[in-house]
Amino acid sequence: MRKIHILLLAVLAVSCQKTVVTGFQDKPVVEAYLYVGESPSVKISKLIAYTSDMVFSSEDVAKLAVTITESPSGKSYTML
């Protein structure tokens, strides 16, 4: 039984290695909800990494001009 515990600890110690993430890109994330009788709700945020050594783009998602286009009429609505 003691051999099994030692083997288990050895396997856990070997399997716990730090993973390095490369090629991360901060991307805009769009959440939108449509409810009957209400104005659409749109939230735009940025996908970010949990490490401090990543390089982020200079794009400011808070200053985006969001437009919803109705199909098939093509009528556009600008979100404020």
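**A friendly note on this predicted model**

1. Start at the N terminus and follow the protein chain: its elements run α-β-β-β-β. In other words, the chain has one helix and four strands. Please keep in mind as you read that this is a predicted model.

2. Next, look at how the chain packs. Of its 80 residues, 5% are buried, where buried means under 20% relative accessible area. The accessible surface of the protein chain comes to about 7600 Å², and carbon and sulfur atoms hold 61% of that area.

3. Among the contacts in the protein chain with a separation of 6 or more, 22% join residues 24 or more positions apart.

4. Now find the largest pocket, with a volume of about 170 Å³. Which residues line the largest pocket? They are Val 42, Ile 44, Val 61, Ala 62, Leu 64, Val 66, Met 79 and Leu 80. Sorted by class, this lining has eight nonpolar residues, with no polar and no charged ones.

5. Finally, take a look at the peptide bond from Ser 71 to Pro 72. Is this bond cis or trans? The bond is cis, and its omega is near 5°. For background, most peptide bonds are trans. Where does Pro 72 sit? You will find Pro 72 in the loop between strand 3 (67-69) and strand 4 (76-78).

Note on methods. Residues numbered from 1 in each chain as written. Predicted model: local features only at pLDDT ≥ 70, side-chain atom pairs only at ≥ 80, totals over all residues. Heavy atoms only, no water. 1 Å grid on protein atoms, 1.4 Å probe; cavity = no way out; pocket = protein on both sides within 12 Å on 5 of 7 lines; lining within 4 Å. Points joined across faces, edges and corners; volume = space filled by probe spheres on them. Nonpolar A, V, L, I, M, F, W, Y, C, P; charged D, E, K, R; others polar. Helix = DSSP H or I, 4+ residues; strand = E, 2+ residues; numbered from the N terminus. Buried < 20%, exposed > 50% of the residue type's maximum accessible area, 1.4 Å probe, protein only. Contact = heavy atoms within 4.5 Å. Areas by Shrake-Rupley, 256 points an atom, 1.4 Å probe, with all protein chains shown as cover.
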